[in-house]
Amino acid sequence: MPRTEIMKKKLAHLALAAVLAGSAFTASGAVDEDFMRNVEDTFKSADSAIGLKDAKTATADARELEKMFKEVVDHYVKKGDAEEGVKLSEKSIALSTKIVTTVAANDFDSAAAASAELGRACKTCHNVYKQD
Amino acid sequence: MTNDQNARRRFLVNAGYGIGAYAFSGLLPGGGFISSVQAAEFLDPLAPKQPHHAPQAKAVIWLHMAGAPSTLDLFDYKPDLVKLHGQPLPDSFSKNLKTATDGGVGALYATKRTWKQHGQSGAWFSDLVPNLAAHADKICFLKGSKTEGSTHVIASLKLHTSGLVPGRPALGSWIQYGLGTSNPDLPAFVVLANGRSTGGGGRGQVIWSSGFLPAVYQGTAFRQGDSPILHLDRPAGISDTEQKNTLDLLKSLNQRTAARYPADTELEARLRSYDLAYRMQTSAPEAVDLSKETAATKAMYGLDDKSTVEYGTNLLRARRLVEKGVRFVHVISGSPDDSLPDWDAHNNIEKNHATMARLVDKPIAGLLADLEARGLLKDTLVVWTSEFGRTPYGQTGDGRDHNPWGFTSWVAGGGIKAGYTHGATDEIGLRAASGIVDTYDLQATLLYQLGLDHRKLTFQYQGRQEKATTVFGDVVKEIIT
């Protein structure tokens with residue numbers, strides 16, 4: 001087999017492994033540092049979109065945040081002894097939903113206020129659970 | 001590009017410079033400020049801009065204690081730590097604590113400090129800062145300060161730029177961007193560092209960078225000595241007229257290129273820096289010339305003492321710069337010689353903190369007294385802070401490790417409550433327990449005092465609207481008068 005073909009096969013295997021790894025991550029719902037970094041980046045994107053009055057991106061990001069915070073709720077429920085974590089994640093879902101509804105009503109001021117409140121919820125949760 | 005387009009751009013650029021001259025003085029023909037950030041940027045990125053709301057402060061003197069002092073040995077008195085000295089860190093305190101340092105977690109460690117309350121406020125000060133203690137009633141302590149990251153570089157980036165990796169603008173850059181300059185002959189953001197040691201990290205150019213903001217907003221580092229800016233002096237044998245003619249030619253050539261590449265902020269910054277440098281040949285040496293200061297003033301800053309002269313000189317310069325309209329002076333404390341890694345006392349904290357506290361104590365006390373006597377303290381924010389604090393548990397037997405979880409910062413002047421303490425750490429000073437102030441909150445509060453709303457101070461970069469303190473940060477209303 002030519003060397004280029006071998007390389008192609010190896011790359012294909014690597015790509016498949018990467019996809020499977022990604023699926024496994026999603027399926028296991030691992031709430032780890034990488035996951036939380038994704039949450040933060042999605043939140044920053046949503047906040048920016050609100051500021052720029054980009055309804056499409058703000059809505060898509062806020063919907064994604066709803067899903068992510070549901071995983072965070074599950075994580076704290078499974079972990080146990082984390083009432084504050086559950087409470088703050090549920091609050092974060094509600095605030096993400098508020099962003100969706102206020103953006104749909106073209107009320108970007110209220111969406112910005114919800115986003116600021118979401119930032120506070122994040123910091124409060126970090127103060128308790130984030131390990132430096 | 002057609003000649004017509006060139007001509008149109010040249011007209012706009014020239015018009016911008018013409019109006020920019022008025023803008024530098026803060027006024028447009030007919031009176032009034034330039035009201036919109038965008039308009040001001042178009043005309044002149046450093047033109048004075050309207051704040052978002054009425055400010056209580058005009059300037060910031062940011063005292064960065066590089067290397068991270070143990071505030072447990074300066075301001076945060078913990079009798080329980082003294083009682084528990086030598087015992088292991090109790091589990092109740094270490095829950096969820098991720099210690100990622102070389103030395104591990106040693107036994108709780110109390111140094112040989114003596115403590116006393118001072119002023120009407122009754123604030124605690126250790127024997128390491130006797131001069132500063134005399135100003136207890138000017139200070140607002142933030143004893144529930146916290147941050148993220150246990151390494152100097154990351155935590156220092158967060159403290160100054162609200163980011164954990166390089167690339168975001170420093171607070172001083174955001175302030176320049178938001179308010180412009182109030183003295184066109186000096187940089188609006190000046191950095192003064194002393195010491196030669198690079199130990200402790202987190203004190204390089206990246207913490208006063210303009211990041212993704214246009215390069216014109218970056219901090220300007222002043223050197224020690226009579227000539228504060230490297231290569232600023234006119235070369236020997238060149239007359240003022242010759243230099244002026246050369247610079248005029250250079251400006252004209254650069255303006256042509258700038259007109260072709262209007263998005264090139266580096267060139268725009270260079271153009272302005274040539275102009276500014278020419279004016280600064282006179283203004284900068286004068287700003288740092290201490291010859292007209294009285295002997296009493298110099299003594300107040302510790303200029304008559306070998307151990308305080310370098311840092312004291314920087315603080316006296318900081319006062320002079322603020323007096324002349326510089327908005328943000330970033331003063332970085334460094335070890336007086338190469339024997340210490342700044343405040344980074346992983347071992348022999350007694351020697352380290354005795355030297356470093358002596359370096360800053362009298363000069364900072366002098367700065368507070370001098371600012372107040374001149375009526376400048378009321379609208380100047382003096383901020384004492386560091387990338388993090390140090391642990392109540394020991395390291396290597398006689399040192400302390402990094403502590404991002406709870407430490408003390410303080411602010412004086414600029415409409416902040418004087419003689420007030422906000423927040424607290426737990427019984428041993430390990431974690432912020434109440435009144436938690438993250439670096440985002442500190443920055444948001446300082447911006448607020450300067451008339452800027454941290455959520456409205458924005459810059460679009462790579463398609464995203466970036467905010468001064470990212471998506472986090474709240475103004476700490478409790479500490480505002």
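Just after helix 4 of chain A, N106(A) takes a positive phi of about 60 degrees. Helices (H or I, at least four residues) and strands (E, at least two) are DSSP runs, numbered from the N terminus. This is a predicted model, in which local features need pLDDT of at least 70, side-chain atom pairs count only at pLDDT 80 or more, and totals for chains, interfaces and linings use all residues. Residues are numbered from 1 along each chain as its sequence is written, while chains are lettered from A and ligands numbered from 1 in the order in which they are written.

Reader: How far does helix 4 of chain A reach from its first C-alpha to its last?
Author: Helix 4 of chain A covers residues 83-104, which is 22 residues. The expected span is 1.5 Å times one less than the number of residues. The expected value is 32 Å, and the helix comes close to it, reaching 32 Å.

Reader: Against which helices do the buried residues of helix 4 of chain A pack?
Author: A residue is buried if 20 or more other C-beta atoms lie within 10 Å of its own, exposed if 12 or fewer, and partly exposed in between, with C-beta atoms placed from the backbone. The buried residues of helix 4 include L88(A), S92(A), L95(A) and I99(A). An α-helix has 3.6 residues a turn, so residues three or four places apart point the same way. In chain A, the packing partners are helix 2 (33-51), helix 3 (55-79) and helix 5 (108-129).

Reader: How many residues of domain 3 of chain B are in contact with domain 2 of chain B?
Author: By an automatic or database domain assignment, domain 2 of chain B spans 51-223 + 289-479 and domain 3 spans 227-280. Their centres, taken over C-alpha atoms, are separated by 35 Å. Two residues are in contact if their C-beta atoms, placed from the backbone, lie within 7 Å. Domain 2 of chain B contributes eight residues to this contact, and domain 3 of chain B contributes eleven.
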